[in-house]
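Have a look at the model below while you read my notes.

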Amino acid sequence: MNLQTEVDVPDVKDKSRTEATDILERAGFKVELTEDAYDKEIEAGKVCKQDPEGKTKAAKGSTIKITISKGVEKGDIPNVVNFSESDAIAALKAAGFEVSIKREYSDSVDEGFVMSQSPSSGQKTDKGTTVTITVSRGSNQVTVPNVVGMSASQARATLQAAGFNVVESGGGTK
């Protein structure tokens with residue numbers, strides 16, 4: 001029966017390729033590089049994954065696989081201006097971005113449709129970045145009720161019921 005000695009596997013995450021290889025080889029392991037991968041947390045050129053994990057045990061002389069980070073994946077921000085809110089959210093999420101929503105009144109863009117976005121489309125940026133879309137609340141204009149011929153108190157009540165602040169001036173009757 002041939003029992004190989006198990007030893008602690010050094011944790012080489014966040015180390016450069018050269019540094020990680022040196023550490024693992026000095027500990028008695030062989031090193032295999034796997035295909036580089038995108039990683040949101042580990043900067044490009046550093047180890048983002050190892051198998052087996054550091055701080056576990058493995059047979060001396062066995063192979064440790066390490067993956068080098070390509071950094072955060074970049075993506076093109078799609079143009080979602082004039083999309084419905086739900087279509088804009090779906091398009092941005094499908095492209096790998098987070099979404100934040102602001103709402104503003106607009107006389108030119110229908111309610112529920114995107115008026116603007118930030119950052120704007122056509123830019124390449126880190127996937128996972130938040131894109132803020134400004135969605136129209138529709139027009140903020142309201143119709144002023146016709147109060148001609150009403151008494152001042154009736155006119156005041158009618159205008160206040162429509163959401164207006166009333167300031168009386170002139171010599172009307174109460």
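1. Start with helix 1, whose buried residues are Ala20, Thr21 and Leu24. "Buried" here means under 20% relative accessible area, "exposed" means over 50%, and partly exposed is in between (1.4 Å probe, protein chains only). Looking down the axis of helix 1, the buried residues fall within an arc of 100°, so they line one face of the helix. That arc is taken from the directions that run from the helix axis to the C-beta atoms. Thr18 and Arg26, on the other side of helix 1, are exposed.

2. A quick word on what you're looking at. This is a predicted model, where local features need pLDDT of at least 70 and side-chain atom pairs count only at pLDDT 80 or more, while totals for chains, interfaces and linings use all residues. Residues are numbered from 1 along each chain as its sequence is written, and side-chain values use heavy atoms, with hydrogens and water left out. Helices (H or I, at least four residues) and strands (E, at least two) are DSSP runs, numbered from the N terminus.

3. What covers the buried residues of helix 1? The cover includes strand 2, strand 3 and strand 5. After helix 1 comes Gly28, which has a positive phi, near 95°.

4. Two strands pair if DSSP finds at least two bridges between them.

5. How do strand 2 and strand 5 run, parallel or antiparallel? They run parallel, joined by four bridges. Lys30 has Thr63 in strand 5 as its bridge partner, and Glu32 stands opposite Lys65 in strand 5. Strand 3 and strand 5 are also joined by four bridges, but run antiparallel; here Lys49 has Thr67 of strand 5 as its bridge partner.

6. Next, the largest nonpolar core, which has eleven residues, including Val7, Ala20, Leu24, Phe29, Val47 and Ile68. Such a core is a set of buried Ala, Val, Leu, Ile, Met, Phe, Trp, Tyr and Cys residues joined through side-chain atoms within 4.5 Å. Helix 1 (17–26) and strand 5 (63–68) are the elements that give two or more residues to this core. Strand 5 gives the most, with three residues. Apart from this core lies another, of ten residues, among them Ala88, Leu92, Val114 and Val135.

7. Helix 3 (residues 152–161) is worth a look too: Ala152, Ala155 and Leu159 are buried there. Their arc around the axis is only 65°, which puts them on the same side of helix 3. Gly163, with a positive phi near 95°, follows helix 3.

8. Last, check Thr5, in the segment before strand 1 (6–8). Thr5 is exposed, with a relative accessible area of 53%. Among the residues Thr5 touches are Ala58 and Lys60, not counting residues up to four places away in sequence.

Terms used. Contact = heavy atoms within 4.5 Å.
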